[in-house]
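This report describes one protein chain, part by part. Please have the sequence and the model open while reading.

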Amino acid sequence: MDHTPRQNSRGRATELHAIREHARRGPGERATRTQHDKGKLTARERIDLLLDDGSFHEVELLRRHRATGFGMEARRPHTDGVITGWGTVHGRSVFVYAHDFRIFGGALGEAHAAKIHKIMDMALKAGAPLVSLNDGAGARIQEGVVALAGYGGIFRRNTEASGVIPQISVMLGPCAGGAAYSPALTDFVFMVRDTSQMFITGPDVVRAVTGEEVSTNALGGADVHAGTSGVCHFAHDDEQTCLEEVRYLLSLLPANNREHPPSITCDDPPGRDGSALLDLVPADGSRPYDMRAVVEEIVDGGEYLELHERWATNVIVALARLGGEVVGVVASQPLSLAGVLDIEASEKAARFVQMCDAFNIPLVTLIDVPGFLPGVDQEHGGIIRHGAKLLYAYCNATVPRVSVVLRKAYGGAYIVMDSQSIGADLTYAWPTNEIAVMGAEGAANIVFRKQIAEAPDPAVMRARMVKEYAAELMHPYYAAERGLVDDVIDPAATREVLIRSLEMLRSKHADLPARKHGNPPQ
């Protein structure tokens with residue numbers, strides 16, 4: 001580009017437009033074709049899909065690195081491999097940075113990191129969500145330890161923004177080594193199958209250290225992190241669908257922790273017929289059913305956004321609307337492990353509860369839980385510690401909290417699933433509820449052990465004692481008679497009861513004791 005002085009402002013403006021256009025085009029058509037041949041979009045194409053048309057305002061388009069050595073002084077492209085700025089999604093401000101894999105493979109250097117730091121600081125000051133479109137090869141080796149320090153600045157800002165503004169990481173390419181910790185610090189992680197991977201040590205290192213042969217996708221692909229590790233909240237087949245889902249998620253979130261999620265006009269009547277719930281949930285506690293069908297019947301238009309759909313499937317966590325207002329739903333899933341709580345389900349639900357509480361999203365808990373999963377692996381894996389995470393999250397939450405017991409609510413799992421005793425604002429139960437220390441058979445075997453052992457026919461005596469225990473302590477109105485639930489409701493009225501309850505709680509204010517921060521179980 002010719003930078004010879006111009007004699008007037010018009011000439012300077014012409015030069016500026018030419019430089020800016022050159023910077024926007026990037027390294028050229030060949031690099032763009034290579035990106036497309038990999039099934040990936042360019043950084044600017046991704047930003048165009050994410051943001052409202054024509055809303056993007058770029059920051060530091062003309063930034064270039066100042067590194068020397070290894071031929072770097074001869075390669076100083078504008079943007080330095082990351083595009084930063086802000087725009088709108090559904091008319092609301094959103095900040096974004098996107099790695100441009102066509103420039104230095106999206107690798108992070110000093111200038112590259114400084115641009116990200118600036119846009120993260122701007123997002124926090126403006127109180128608006130931050131979306132990162134990740135497609136980079138890690139630290140820029142030619143710049144040495146300076147690049148590593150750049151990651152440290154990103155991690156610190158991720159932590160400072162945690163619980164203040166929504167942070168969304170969209171993985172659209174490789175993310176290896178320390179770079180993977182930034183997405184892990186954010187609120188939501190999206191991945192695209194086949195083109196995005198996350199791992200701390202890649203296949204070559206794994207092979208050298210352990211002798212194991214594994215591909216990049218088998219080690220850290222979207223399906224692995226969506227179904228096995230739980231690192232990824234959402235996995236999609238293509239970038240277009242993925243970015244559209246990011247836009248939908250943003251429509252359910254507030255701009256920051258000082259605001260409430262956006263309300264919409266609801267044309268789904270609060271008191272519409274909910275009698276389908278009477279058939280969806282069998283009265284027989286041993287028969288499974290799909291809790292998703294219950295959620296669909298209750299929420300506005302049957303529409304909800306489920307997080308971690310394929311990980312820890314024995315509990316469902318989802319964002320939805322009731323009466324036009326956003327709510328977070330935590331629900332047992334009897335189709336998976338009978339809906340018991342285990343290590344992964346506890347972690348999944350705890351993280352979701354904390355996110356909802358941070359961003360002023362009321363919580364609705366649908367309970368059908370027979371207890372915690374027994375077993376040596378669970379005990380040795382720390383089910384006590386992990387189960388306590390969910391307990392802590394609920395106890396620490398100050399948003400409106402309403403729970404409904406559909407069928408089983410046994411033992412410690414019942415307490416942990418936002419029972420009245422740990423601070424639920426309102427608790428309801430269906431007439432099919434079984435709230436108890438444990439199931440009738442287990443309880444009878446303990447309480448009446450001697451009578452059963454001494455009976456002429458132990459099986460007959462056991463059946464009689466089970467029936468007696470259930471009739472005395474597990475009838476559907478036992479908990480209501482003792483004030484442990486606020487009401488026993490007709491399942492068909494669940495939607496209306498929840499909407500009216502949340503309307504009343506909308507102005508809830510609760511203060512926690514003064515402290516620097518809690519020390520939750522890890």
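## A nonpolar surface patch

Patches are made of residues with over 30% relative accessible area and no salt bridge, where like charges are joined within 9 Å and nonpolar side chains (Val, Leu, Ile, Met, Phe, Trp, Tyr) within 5 Å. Accessible areas come from the Shrake-Rupley method with a 1.4 Å probe, and for residues only the protein chains shown count as cover. A salt bridge is a side-chain nitrogen of Lys or Arg within 4 Å of a carboxyl oxygen of Asp or Glu.

The model is predicted: local features need pLDDT of at least 70, side-chain atom pairs count only at pLDDT 80 or more, and totals for chains, interfaces and linings use all residues. Residues are numbered from 1 along each chain as its sequence is written, and side-chain values use heavy atoms, with hydrogens and water left out.

Val145, Val146 and Leu148 make a nonpolar surface patch of about 280 Å². Val145 belongs to helix H5 (residues 145-161); helices (H or I, at least four residues) and strands (E, at least two) are DSSP runs, numbered from the N terminus. Val145 counts as exposed because its relative accessibility is 63%, where exposed means over 50%, buried under 20% and partly exposed in between (1.4 Å probe, protein chains only).

## The sheet

Seven strands form an open sheet with mixed pairing, in the order E1-E2-E3-E4-E5-E7-E9. Two strands pair if DSSP finds at least two bridges between them. Strand E1 (57-59) and strand E9 (234-236) are the edges, each pairing on one side only.

Within the sheet, strand E4 (residues 130-134) and strand E5 (residues 167-171) run parallel over five bridges. Leu130 stands opposite Gln167 in E5.

## Salt bridges

There are 26 salt bridges in the structure. In one of them, Asp135 joins Lys40, with the closest N and O atoms 2.9 Å apart. Asp135 lies in the loop between E4 and H5 and Lys40 in the loop between H2 and H3, so this pair ties together parts 95 residues apart in sequence. Asp135 and Lys40 are both buried.

Arg495 and Asp268 also meet in a salt bridge (3.7 Å, N to O). Since Arg495 is in helix H21 (residues 494-505) and Asp268 in the loop between H10 and helix H11 (277-280), the pair ties together parts that are 227 residues apart in sequence. Arg495 is buried at 3% relative accessibility, and Asp268 is buried at 11%. Asp268, Arg272, Glu297, Asp300 and Arg495 are linked in a network of salt bridges.
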